[in-house]
Amino acid sequence: MRVLITGANRGIGLGLVHQCLKRKDRVFASCRAPNRATELQTLCKDHPDLLSIHTLDVREAGQIEALHQDIGAQVDGLEVLINNAGVYYRGLSLGELTAERSLETMHVNAVAPIIIAQSFMDLLIASKSGKILNISTGMSSMTGSPSGAYDYRASKTALNMYTRVLAQDLRPFGVIAVVVNPGWVKTDMGGQGASISVEESARGIMKLADGLKLQDSGKFFQWDGTEHVW
Ligand code: NDP
């Protein structure tokens, strides 16, 4: 499979790269600063035929288009796009919210994934089995009594809706789009007190990707393949 991953330099994104390489997938690993992505660089030396590293700050339209051109010149299709890059600015409670920070979170977590999906739509359609996995969170769920983390929750809820609409539009072309809660994962974002390892989450996400059928498009999954409540 040919796979594009955003935010691939650390955390869950890097875990996804490891999983894909184990399976001998062709991985286009994107991150903001390839020159500082030391783990990715090492992996690239070990797997020069399978892995390439690409510059992508997901907020930069010019970089999205340049990456699209670059990948389109190398392959005639893309089976999997994983919009993994995300931000969670902690401690922004009521009284501390600013439009600037709220919009920044919304840009990275919700708008960028849909713009990237839009840009790579042609390659996903061309592969005849395109799948888009947008990494959301259980904190996006409208059930229960959500408290705090206004920007993070709202941005991921927006991502969920973007994905459902996208799924409708891409269904006639055979492209699947889903949102995935990766679990509470031991990363810089999740913290070391989290409940599952990067490896467990990433393995589950790739297994989920493998098993997705067109009738799953527009659904909200957990990393273990079960469905999540909206
Ligand atoms: P980390 O904070 O460990 O890593 C975040 C990644 O996103 C980094 O690679 C970071 O790059 C990248 N990123 C942030 N902003 C941008 C940007 N503008 N352009 C490109 N890349 C960017 O997070 P996790 O690995 O834990 O999270 C990955 C995804 O999983 C996120 O979408 C997150 O919301 C979601 N998630 C995580 C959970 C957890 O428990 N860990 C729980 C639920 C959801 P850089 O190094 O340059 O900052």
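Q: Why does Leu 214 count as partly exposed, and not as buried or exposed?
A: In this predicted model, the relative accessibility of Leu 214 is 33%. Buried means under 20% and exposed means over 50%, with partly exposed in between, so at 33% Leu 214 counts as partly exposed. You will find Leu 214 in the loop between H6 and strand E7 (220-222). Its C-alpha atom is separated by 26 Å from that of Gly 7, and the two residues are 207 apart along the chain.

Q: Why is Ser 201 called buried?
A: Its relative accessible area is 0%. The word buried applies to values under 20%, so Ser 201, at 0%, is buried. Ser 201 has its place in helix H6, which covers residues 198-211. Between Ser 201 and Ala 29 there are 18 Å in space, C-alpha to C-alpha, and the pair is 172 residues apart in sequence.

Q: What makes Lys 128 count as exposed?
A: Exposed begins over 50%, and Lys 128 has 72% relative accessibility, so Lys 128 counts as exposed. Look for Lys 128 in the loop between helix H4 (99-126) and strand E5 (131-135). The C-alpha atom of Lys 128 is separated by 7.4 Å from that of Val 175, a residue 47 positions apart from it along the chain.

Q: How do you know whether Ala 149 is buried or exposed?
A: Ala 149 has a relative accessible area of 18%. The limit for buried is under 20%, so Ala 149 is buried. Ala 149 lies in the loop between E5 and H5.

Q: Why does Asp 57 count as buried?
A: Asp 57 has 11% relative accessibility. Buried means under 20%, so Asp 57 counts as buried. Asp 57 is found in the loop between strand E3 (51-55) and helix H3 (61-74).

Q: What makes the pair Asp 57 and Arg 59 a polar contact?
A: The side chains of Asp 57 and Arg 59 are joined at 2.5 Å. A polar contact asks for N or O atoms within 3.5 Å, and the 2.5 Å of this pair is a polar contact.

Q: Where does the ligand sit, and what surrounds it?
A: The ligand sits in the largest pocket. Helix H1 (11-22) and helix H5 (150-170) are the elements that give two or more residues to the shell around the ligand. In total, 28 residues surround the ligand, and the closest are Asn 9, Arg 10, Arg 32, Tyr 152 and Thr 187. By type, the shell divides into 12 nonpolar, 10 polar and 6 charged residues.

Conventions:
Residues are numbered from 1 along each chain as its sequence is written. This is a predicted model: local features need pLDDT of at least 70, side-chain atom pairs count only at pLDDT 80 or more; totals for chains, interfaces and linings use all residues. Side-chain values use heavy atoms; hydrogens and water are left out. A residue is near a molecule or strand if one of its heavy atoms lies within 4 Å of it. On a 1 Å grid over the protein atoms alone, a cavity is a set of points where a 1.4 Å probe fits but cannot get out, and a pocket is an open set with protein on both sides within 12 Å along at least five of seven lines; lining residues have an atom within 4 Å of a point. A molecule sits in a cavity or pocket if more than half of its atoms lie within 2 Å of its grid points. Helices (H or I, at least four residues) and strands (E, at least two) are DSSP runs, numbered from the N terminus. Ala, Val, Leu, Ile, Met, Phe, Trp, Tyr, Cys and Pro count as nonpolar, Asp, Glu, Lys and Arg as charged, and the others, Gly among them, as polar. Buried means under 20% relative accessible area, exposed over 50%, partly exposed in between (1.4 Å probe, protein chains only). A polar contact is a pair of N or O atoms within 3.5 Å; within protein, one must be able to donate a hydrogen and the other to accept it, and residues adjacent in sequence count only if both atoms are side-chain atoms.
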